[in-house]
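Thanks for coming. Please have the display in view.

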Amino acid sequence: MGNAYIHYYQILIPSILAAFWIWWVYLEDMNDIRKRMSIFLSVAIIFNLVYFVPYSGRIVAAVGLNAQKRAKTSFGKIAEKIERLDSYGRGTYGYKAQLQVKDILEKIPKEERKSVYNYETNSQWLLLSGLKPYNKYCITADLFSGLSDHIAKDIENMFEDHKPKYIVTNSDVKIENQFVKACIKNDYINIYKNEIYTLYQLKSPD
């Protein structure tokens, strides 16, 4: 199945449980087969824990266990430790992520926030910032521009015709699109960086 994204489990688990229940009812008088199925299910759950643990941070954030009011309580501290297990999300969920987004937005004048291109950020950036995408290719643009010449060309055209005044990327991102990488290096200045994001500003014309 490739990467064990959490939505795969959200989609599959209900149908798997329904199928298991149907089999359980159907095999009501077959205790031997029931026992085998129980063992199989137990083993499957144990082996899948390796996927559940890294995504536990998002579960903590999704149900509000890491809310700011709870952060200083014993329960909140435990929730924060669980959240750190999420290697994929890397702290981009919950109120702390909101503070990181707000920190970046404070560096951008309100009248210029329509010209902010979030290149290779997580989806939480758009949700928490409230900004509309500057270009339809943004969150996973680096990946898809490498897979599609059409997407790569559209991004190049955007930079050539309507350069955004600001670019926001994830702080730990390694940009593979050489055109975008060169644009950021030649035409933009790194003006700020926090734990999650890096902010670039378009250079003033000479």
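A nonpolar core here is a set of buried Ala, Val, Leu, Ile, Met, Phe, Trp, Tyr and Cys residues joined through side-chain atoms within 4.5 Å. Buried means under 20% relative accessible area, exposed means over 50%, and partly exposed is in between, with a 1.4 Å probe and protein chains only.

Two remarks on the source. This is a predicted model, where local features need pLDDT of at least 70 and side-chain atom pairs count only at pLDDT 80 or more, while totals for chains, interfaces and linings use all residues. Residues are numbered from 1 along each chain as its sequence is written, and side-chain values use heavy atoms, with hydrogens and water left out.

Now the overall layout. The protein has nine helices and four strands; these are DSSP runs numbered from the N terminus, with helices being H or I of at least four residues and strands E of at least two. Along the sequence the pattern reads α-α-α-α-α-β-α-α-α-β-α-β-β. Of the 206 residues, 34% count as buried. Contact means heavy atoms within 4.5 Å. Among contacts between residues at least 6 apart in sequence, 57% join residues at least 24 apart.

On to the core. In soluble globular proteins, nonpolar side chains tend to be buried together. Which residues have the most contacts inside the largest nonpolar core? They are Tyr117, Tyr119, Trp125, Ile155, Phe159 and Ile167, in a core of 31 residues. At least two residues of this core come from each of helix H5 (95-105), strand S1 (116-118), helix H6 (124-129), H8, strand S2 (166-170), H9 and strand S4 (197-202).

Take Phe159 from that list. Not counting residues up to four places away in sequence, Phe159 touches Tyr117, Pro164, Ile167, Phe179, Val180, Cys183 and Tyr188.

Two packed helices are described by the angle between their axes and the distance between the axes. Axes are lines fitted to C-alpha atoms, for helices over the stretch in contact, and angles run from 0 to 180 degrees between N-to-C directions. For helix H8 (residues 149-161) and helix H9 (residues 178-187), the axes come within 10 Å and cross at roughly 20°. That makes H8 roughly parallel to H9; angles under 35 degrees count as roughly parallel, over 145 as roughly antiparallel, 65 to 115 as roughly perpendicular and the rest as oblique. On the H8 side, Ile155, Glu156, Phe159 and Glu160 meet Phe179, Val180 and Cys183 of H9.

Next, H5. Its buried residues are Ala97, Gln100, Val101, Asp103, Ile104 and Leu105. These buried residues pack against H6, S2, strand S3 (188-193) and S4.

Two loop positions follow. Lys114 sits in the loop between H5 and S1 and is exposed, with a relative accessible area of 80%. Its C-alpha atom is separated by 7.3 Å from that of Leu131, 17 residues apart along the chain. Glu120 is in the loop between S1 and H6. Is Glu120 buried or exposed? Glu120 is buried, at a relative accessible area of 17%. Glu120 also has a positive phi of about 60°, although it is not a glycine.

Last, Phe20 in helix H1 (residues 6-26). Phe20 is partly exposed, with a relative accessible area of 22%. Leaving aside neighbours within four places in sequence, Phe20 is in contact with Met37 and Leu41.
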